[in-house]
Amino acid sequence: MPDLSLLLPMAALLLVIGAFAGVLAGLLGVGGGIVLVPAFFYAFTALGYASDQLMQICLATSLATIIVTSLRSVHSHNRKGAVEWDILKTWAPGIAVGAVIGVLVASGLRSTVLQAIFGGLGLVIGAYLGLGRANWRLAQAMPTGLRRAIFSPVLGFLSVLMGIGGGSFGVPLMTLHGRPIHNAVATAAGFGVLIAVPSVLGFLLVTIAPDARPPFTIGAVNLPAFALVVAMTMFTTPYGVKIAHAMDPKPLKRVFAVFLTLVALNMLRKALLG
């Protein structure tokens, strides 16, 4: 068991990060996992649990928090009539299948490989947040038929490999297909639930070496980190939703894009050095 003098500052740090992640989930629709995965990686490494399976713990714990955060976000957005339930229902099977495949793949990869994947995809998301334009369009309607059958599992699969909800990929996908940004953020929160529930169930069955897992870890999900973060996101996510409906989040997206790019580059650096 790590020393209490180290555990208490880490607990305080996770509370602050949880508050920040909750606001982001409601405000930008990018999902708190973008912040939580590198934060968990830092915290667990500082506590002495760096291993080839550390990223699985970070991904799984992040996704566990996203179940709560996304449900809270969907509820708040639905009260404003912004959730497009028809899209959620038709995309649900493919997203869930992709999430399960993501768990199967992630559980067999080394931590450094998952770090590199997170870093690479994080750069793509950061570039879109920073450089994307509201008038960019691939089509005027959401994909259906074969295109939906391809896009939906890919969305679930990539999200699990990063330990994030549906916002980081779902919001750009929906806005590029003609959906208003507020509807995209609201509906992508529902994608997060569809991704997180089956993936967490899968990660609970993943075997982590006893000396590689922090205390109170079931499968790959660390319960104390989950509880601390959820305690904050339950309060802060609705505030993010209120801000999203009251202002233009574009300036904040630009700032966050820079932050995410730096985090992604640091993950890639650690992967190369590891």
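1. Thr 45 lies in helix 2. In this predicted model, the residue is partly exposed, its relative accessible area being 34%. When neighbours within four places in sequence are set aside, Thr 45 has contacts with Ala 50 and Leu 54.

2. Two packed helices are described by the angle between their axes and the distance between the axes. Helix 2 spans residues 33-46 and helix 3 spans residues 54-78; the angle between them is about 135 degrees, and their axes are 9 Å apart. Angles over 145 degrees would count as roughly antiparallel and those of 65 to 115 as roughly perpendicular; the two helices are therefore oblique to each other. The crossing of helix 2 past helix 3 is right-handed.

3. Which residues make this contact? Helix 2 contributes Gly 33, Leu 36, Val 37, Phe 40, Phe 41, Phe 44 and Thr 45. From helix 3 come Leu 54, Met 55, Ile 57, Cys 58, Leu 59, Thr 61, Ser 62, Thr 65 and Ile 66. Sorted by class, the contact comprises 11 nonpolar and five polar residues, with no charged ones.

4. Apart from neighbours within four places in sequence, Met 55 touches Val 37, Phe 41, Ser 111, Leu 114, Gln 115, Phe 118 and Met 267.

5. Is Glu 84 buried or exposed? Glu 84 is located in the loop between helix 3 and helix 4, the latter covering residues 85-106. Its relative accessibility is 15%, and Glu 84 therefore counts as buried, the cut-off being under 20%. Excluding neighbours within four places in sequence, the contacts of Glu 84 are Arg 179, Pro 180, Asn 183 and Thr 187.

6. The backbone at Phe 216 deserves a separate entry. Although Phe 216 is not a glycine, its phi is positive, at about 60 degrees. Phe 216 sits in the loop between helix 8 (181-203) and strand 1 (217-218). With a relative accessible area of 60%, Phe 216 is exposed, whereas Glu 84, also a loop residue, is buried.

Definitions and conventions: Residues are numbered from 1 along each chain as its sequence is written. This is a predicted model: local features need pLDDT of at least 70, side-chain atom pairs count only at pLDDT 80 or more; totals for chains, interfaces and linings use all residues. Side-chain values use heavy atoms; hydrogens and water are left out. Axes are lines fitted to C-alpha atoms, for helices over the stretch in contact, and angles run from 0 to 180 degrees between N-to-C directions. Helices (H or I, at least four residues) and strands (E, at least two) are DSSP runs, numbered from the N terminus. Angles under 35 degrees count as roughly parallel, over 145 as roughly antiparallel, 65 to 115 as roughly perpendicular and the rest as oblique. A crossing is left-handed if the near helix is turned anticlockwise from the far one by less than a right angle, and right-handed if clockwise. Contact means heavy atoms within 4.5 Å. Ala, Val, Leu, Ile, Met, Phe, Trp, Tyr, Cys and Pro count as nonpolar, Asp, Glu, Lys and Arg as charged, and the others, Gly among them, as polar. Buried means under 20% relative accessible area, exposed over 50%, partly exposed in between (1.4 Å probe, protein chains only).
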